[in-house]
Amino acid sequence: MIRVLLPTHLRTLACVDGEVQLEVPDPITLGSVLEAVENRFPVLRGSIRDHVTLRRRPFVRFFACQQDLSHEPPDMPLPQPVTSGVEPFLIVGAMAGG
Amino acid sequence: MSRVRLLVGTRKGAFVLTSDGKRDKWEISGPHFAGWEIYHIKGSPVEPDRLYASQTSGWFGQKIQRSNDGGKTWDAVGDKFVYEGQTGTHQWYDGTQHPWEFKRVWHLEPSLKDPDTVYAGVEDAALFLTRDGGQTWQEFPGLRSAKGNLWQPGAGGMGLHTIILDPSNPSRIFIAISAAGAFRTDDEGKTWKPINQGLKSAYELPDPTAEVGHCVHRIAMHPSRPGVLFMQKHWDVMRSDNAGDMWTEVSGDLPTDFGFPIDVHAHEPQTIYVVPIKSDSEHFPPDGKLRVYRSRTGGNEWQPLTKGLPQSDCYVNVLRDAMSVDSLQPCGVYFGTTGGQVYGSTDGGDSWTPIVRDLPAVLSVEAQTLP
């Protein structure tokens with residue numbers, strides 16, 4: 001079971017509280033987890049990745065195990081603590097600065 | 001007794017303000033979609049409890065929300081806005097050509113006849129249509145063929161912000177785009193022509209009378225006279241009596257003719273309202289006095305309306321989509337400010353009262369007159 005933590009606004013859109021738990025088939029990659037999130041919550045399509053190009057939106061970040069995975073390719077396998085459910089995969093709204 | 005509902009979009013959410021026909025006591029609900037920019041909300045003229053809202057965020061993109069109960073509950077519908085065919089390019093800030101890129105929906109215009117049909121004006125400038133209540137959207141690519149390669153975004157973005165459906169001719173639609181101008185279709189959106197003859201932009205364009213490139217801020221029309229259009233341009237208030245084929249300036253005795261909104265009285269097609277703003281470099285009212293100006297002659301002769309509005313130390317702006325009228329007797333006029341106030345007048349503008357004072361910056365106000 002993959003644990004995913006969504007930012008507040010996306011939790012509101014998806015009508016969920018707290019962490020989301022998802023079954024994701026092997027191989028568990030950055031892209032397959034994002035696809036699983038969007039399949040479970042279609043309202044989030046376009047809000048994490050562009051509808052057409054599937055590129056990460058500029059001010060969305062992906063963190064896991066104290067690492068920034070935002071710039072990794074979609075086929076990158078996620079770290080073992082994430083795939084085993086020990087650590088969550090974090091989808092984060094980037095800092096606004098100011 | 002009739003009721004009035006104001007649909008208010010702000011920088012940090014949507015608010016729904018409702019009152020009975022007296023319009024002296026208002027209930028305020030919101031924020032809906034707290035934290036999101038709500039560029040525009042508008043109801044279907046034929047099914048007023050059917051509302052559509054443009055919900056947008058620099059982080060999480062575009063959402064479209066639909067309500068079937070007058071804004072009590074909402075459902076996200078489709079938000080996939082994909083340009084048709086070859087995207088093409090427009091002028092970019094550095095003089096190069098730049099591909100069209102979708103950024104957000106500025107304005108939603110429900111059909112005059114069908115609650116499931118809605119037009120959406122977007123940035124980068126284009127017009128989209130849904131016929132299934134917002135689930136899917138298709139572009140009118142012919143608009144970008146109207147010299148779109150020459151359009152160039154201004155500092156506020158290249159947004160399509162005005163959509164006017166001609167009640168006497170279903171094939172005719174008027175639209176306006178920031179820093180591109182006004183356009184008209186007479187064949188239901190297949191082809192478009194620029195309608196900017198008579199506009200002069202001496203300080204904004206190298207050719208002051210260019211066919212496209214004028215920064216039109218807003219156009220208004222009274223439904224009983226669909227060939228008469230009123231325009232607040234970047235500078236200049238303009239009027240056309242032939243559906244946009246030619247424009248003449250009607251700024252007349254305004255203290256400044258820069259501004260954003262323009263609207264028409266519900267029962268007097270010659271009575272129009274603007275909010276003069278000092279200049280394009282100082283987006284606030286002249287002398288710190290918030291004044292709506294009314295012309296009862298379709299322009300040229302203007303009267304300041306100040307009763308109930310702050311007449312000192314006021315430095316708010318009123319954005320292009322933030323003025324609206326109801327259709328009660330007497331006509332109600334409403335506008336919202338970047339300071340978060342929504343003002344209302346129940347006597348056609350003679351006097352004003354703040355309905356609410358401390359909302360987030362107001363982006364849009366739409367009035368609905370309900371049975």
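Mentor: Two residues are in contact here if their C-beta atoms, placed from the backbone, lie within 7 Å. Keep in mind that the model is predicted.

The residue to look at is His234(B). Leaving aside residues up to four places away in sequence, His234(B) touches Ser201(B), Glu204(B), Cys215(B), His217(B), Phe258(B) and Asp280(B). His234(B) sits in the loop between β19 (229-233) and β20 (237-240) of chain B. Another position gives a sense of scale: Pro330(B) is 96 residues away from His234(B) along the chain, and their C-alpha atoms are 31 Å apart.

Now the chain around this residue. Chain B is built with 30 strands and zero helices. Its radius of gyration is 19 Å, close to the 21 Å that the globule rule gives for 371 residues, so chain B is as compact as a globular protein of that length. Along the principal axes, the C-alpha atoms of chain B fill a box of roughly 50 × 45 × 40 Å. Of the 371 residues in chain B, 53% are buried. As for contacts in chain B between residues at least 6 apart in sequence, 50% join residues at least 24 apart.

The nonpolar core comes next. The largest one has 126 residues, and those touching the most other members are Val33(A), Val8(B), Ile219(B), Met231(B) and Val342(B). Strand β15 (residues 173-177) of chain B gives the largest share of this core, five residues. β15(B) pairs with β16(B) in the antiparallel sense over five bridges, and in that pairing Ile175(B) stands opposite Phe183(B). The hairpin of these two strands has three residues between them, and Ala179(B) there takes a positive phi near 60°. Strand β16 (residues 181-185) of chain B is mostly covered, with five of its five residues buried. β16(B) also pairs with strand β17 (residues 193-194) of chain B, in the antiparallel sense over two bridges. Here Phe183(B) stands opposite Pro194(B).

Beyond residues up to four places away in sequence, Val8(B) touches Ala14(B), Phe15(B), Leu17(B), Gly336(B), Val342(B), Leu359(B), Val362(B) and Val365(B). Strand β1 (residues 3-10) of chain B pairs with β30(B) in the antiparallel sense over eight bridges, and Leu7(B) has Glu366(B) as its bridge partner in β30(B). These strands belong to an open sheet of four strands with antiparallel pairing, in the order β3-β2-β1-β30 (chain B). The edge strands β3 (27-32) and β30 (362-370) of chain B each pair on one side only. Neighbouring strands of this sheet are turned by 15° against each other on average, direction ignored.

Chain A is the partner. Three helices and five strands make up chain A, and from the N terminus on its elements run β-α-β-α-β-β-α-β. The radius of gyration of chain A is 12 Å, close to the 13 Å that the globule rule gives for 98 residues, so chain A is as compact as a globular protein of that length. Buried residues account for 27% of the 98 residues in chain A. Its five strands form an open sheet with mixed pairing, in the order β2-β1-β5-β3-β4 (chain A). The edge strands are β2 (20-22) and β4 (67-68) of chain A. Strand β1 (residues 2-5) of chain A is joined to β2(A) by three bridges and runs antiparallel to it, with Arg3(A) opposite Gln21(A).

Finally, the two chains meet. 13 residues of chain B are in contact with 13 residues of chain A. On the side of chain B that touches chain A, strand β6 (residues 61-67) of chain B gives the largest share, three residues. By type, the residues of that side divide into five nonpolar, five polar and three charged.

How values were computed
Residues numbered from 1 in each chain as written. Chains lettered and ligands numbered in written order. Predicted model: local features only at pLDDT ≥ 70, side-chain atom pairs only at ≥ 80, totals over all residues. Nonpolar A, V, L, I, M, F, W, Y, C, P; charged D, E, K, R; others polar. Pairing = 2+ DSSP bridges. Axes fitted to C-alpha atoms, helices over the stretch in contact; angles between N-to-C directions. Rg over C-alpha atoms; globule rule 2.2 N^0.38 Å. Buried ≥ 20, exposed ≤ 12 C-beta atoms within 10 Å, placed from the backbone. Core = buried A, V, L, I, M, F, W, Y, C linked by C-beta atoms within 7 Å.
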